[in-house]
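Please view the structure below before reading on.

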Amino acid sequence: MKFLVTGGAGFIGSAVVRYLLGETPHAVVNVDVLTYAGNLASLDQVANDSRYAFEHVDICDADALVRVFAEHQPDAVMHLAAESHVDRSIHGPAAFLQTNLIGTGVLLEAARQYWETLPVERQVAFRFHHVSTDEVYGDLEGPDGLFTEQTPYAPSSPYSASKAGSDHLVRAWQRTFGLPTLITNCSNNYGPYHFPEKLIPLIILNARAGKPLPVYGDGQQVRDWLYVEDHARALVRVLEAGRVGETYNIGGHNEYTNLAVVEAICELLEELAPQHPKGVAHYRDLITFVKDRPGHDLRYAIDAGKIERELGWHPEETFESGLRKTVQWYLDNDAWVEGVTSGAYREWTDQQYGA
Ligand code: NAD
Ligand code: DAU
């Protein structure tokens with residue numbers, strides 16, 4: 001099959017592209033406009049594969065998408081392109097409405113027009129897989145509940161509201177036009193090539209630099225962490241074997257408070273990078289409680305029973321093994337880190353945390 005992957009230069013998209021080209025016989029067209037979060041260096045290991053093509057295209061550009069579909073004749077779309085950072089959506093929601101809502105609508109239309117021209121057997125086999133988030137469900141009160149595929153939508157941030165809207169668009173294109181769609185809603189990912197505006201890579205890099213480790217509020221919010229390569233495998237499994245029109249929740253069964261995650265990173269650094277930055281006795285001494293995120297969701301946790309039962313997918317990494325690999329990866333990949341922590345990155349961290 002040929003996969004048209006949008007957002008393939010981002011964190012999860014690049015893991016999907018590396019997985020498809022490294023572990024399957026499929027071909028990939030990567031459609032990415034390369035925002036601050038898109039980085040072709042994350043695809044160095046597959047860029048010369050003859051099954052790989054890159055299209056520097058904005059998913060809001062209808063004409064460009066029509067050309068890409070006509071030229072590459074994909075068998076499936078896996079849609080990951082998005083603005084993905086909650087804090088940025090609070091500072092500036094417009095880009096989130098544009099890419100996540102309008103962009104998804106434009107992509108759906110281009111896919112539908114292309115799909116309608118296909119011969120019947122290819123139409124039946126075609127899939128449009130929309131990659132979404134557990135944040136569409138809002139948050140869970142108390143320590144016990146889990147998000148299922150039936151949990152009502154109640155997004156809290158401009159980011160999660162824009163993702164919720166994009167999920168609704170995908171369902172409408174399936175119901176109204178018969179486009180064979182799939183939706184997945186996944187919990188927090190972590191792993192290599194994660195842009196260091198997000199909690200885990202930010203903490204690793206700040207700790208190594210001897211900078212404060214910012215914990216929002218009291219640090220008692222809970223996230224359910226999934227190693228990014230487990231997510232990539234799940235996405236391809238859903239695309240190949242999921243039931244059309246269905247939603248599948250994906251999660252790692254790894255619930256931790258933010259403070260526990262930050263402390264675990266500090267402990268790993270004590271072991272893997274015992275040479276502390278100047279003036280720092282223990283990495284955990286850098287932990288700093290800062291102003292909370294407005295509208296901060298308290299707890300996310302996924303019931304992944306449906307994908308496990310129907311499609312036989314299970315995460316392979318535990319949080320302990322995945323976090324160790326992740327910290328080691330950041331210690332070993334200074335060149336990638338330097339490439340993404342440019343002037344624009346420093347402008348963001350100054351704006352968010354104070355210079
Ligand atoms: P990311 O921010 O790392 O990457 C997004 C990619 O999309 C970048 O390569 C960027 O250049 C590209 N992009 C942005 N706007 C575009 C546009 N208009 N046209 C074309 N390309 C564009 O995001 P991520 O963390 O890899 O997330 C990927 C997808 O998975 C998103 O849809 C996100 O909502 C969803 N998701 C993320 C997580 C997570 O924990 N990171 C969890 C669940 C779901
Ligand atoms: O649940 C899936 C979502 O996970 C995805 O849809 C989003 O794209 C992805 O960014 C992620 O959203 P979060 O807001 O949960 O991730 P983030 O890494 O920004 O924050 C994780 C938690 O850590 C959250 O409770 C806020 C907190 N935090 C974050 C930062 C950046 C801090 O305490 N300090 C920080 O500096």
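In this predicted model, strand β8 supplies three residues to the shell around ligand 2, the largest share of that shell. Two or more residues of the shell come from each of α3 (86-91), α7 and β8 (213-216).

**Shell around ligand 2**

- Ligand 2 is surrounded by 24 residues, and the closest of them are Asp134, Tyr159, Arg293, His296 and Tyr353.
- By residue class, the shell around ligand 2 holds ten nonpolar, seven polar and seven charged residues.

- Asp134 places a polar side-chain atom 2.5 Å from an oxygen atom of ligand 2.
- In the side chain of Tyr159, an N or O atom is 2.6 Å from an oxygen atom of ligand 2.
- His296 likewise has a side-chain N or O atom 2.6 Å from an oxygen atom of ligand 2.
- Ligand 2 exposes 690 Å² when taken alone, and the protein buries 94% of that area.

**Second largest pocket**

- The volume of the second largest pocket is about 510 Å³.
- This pocket is lined by 20 residues, of which Leu202, Asn206, Lys211, Tyr345 and Thr349 are the closest to its centre.
- The elements α7 (199-209), β12 (287-290), α12 (334-340) and α13 (343-353) each give two or more residues to the lining of the second largest pocket.
- The lining of the second largest pocket consists of ten nonpolar, five polar and five charged residues.

Terms used
Residues are numbered from 1 along each chain as its sequence is written. Chains are lettered from A and ligands numbered from 1 in the order in which they are written. This is a predicted model: local features need pLDDT of at least 70, side-chain atom pairs count only at pLDDT 80 or more; totals for chains, interfaces and linings use all residues. Side-chain values use heavy atoms; hydrogens and water are left out. On a 1 Å grid over the protein atoms alone, a cavity is a set of points where a 1.4 Å probe fits but cannot get out, and a pocket is an open set with protein on both sides within 12 Å along at least five of seven lines; lining residues have an atom within 4 Å of a point. Grid points are joined across faces, edges and corners, and a volume is the space filled by probe spheres set on the points. Helices (H or I, at least four residues) and strands (E, at least two) are DSSP runs, numbered from the N terminus. Ala, Val, Leu, Ile, Met, Phe, Trp, Tyr, Cys and Pro count as nonpolar, Asp, Glu, Lys and Arg as charged, and the others, Gly among them, as polar. A residue is near a molecule or strand if one of its heavy atoms lies within 4 Å of it. A polar contact is a pair of N or O atoms within 3.5 Å; within protein, one must be able to donate a hydrogen and the other to accept it, and residues adjacent in sequence count only if both atoms are side-chain atoms. Accessible areas come from the Shrake-Rupley method with a 1.4 Å probe; for residues, only the protein chains shown count as cover.
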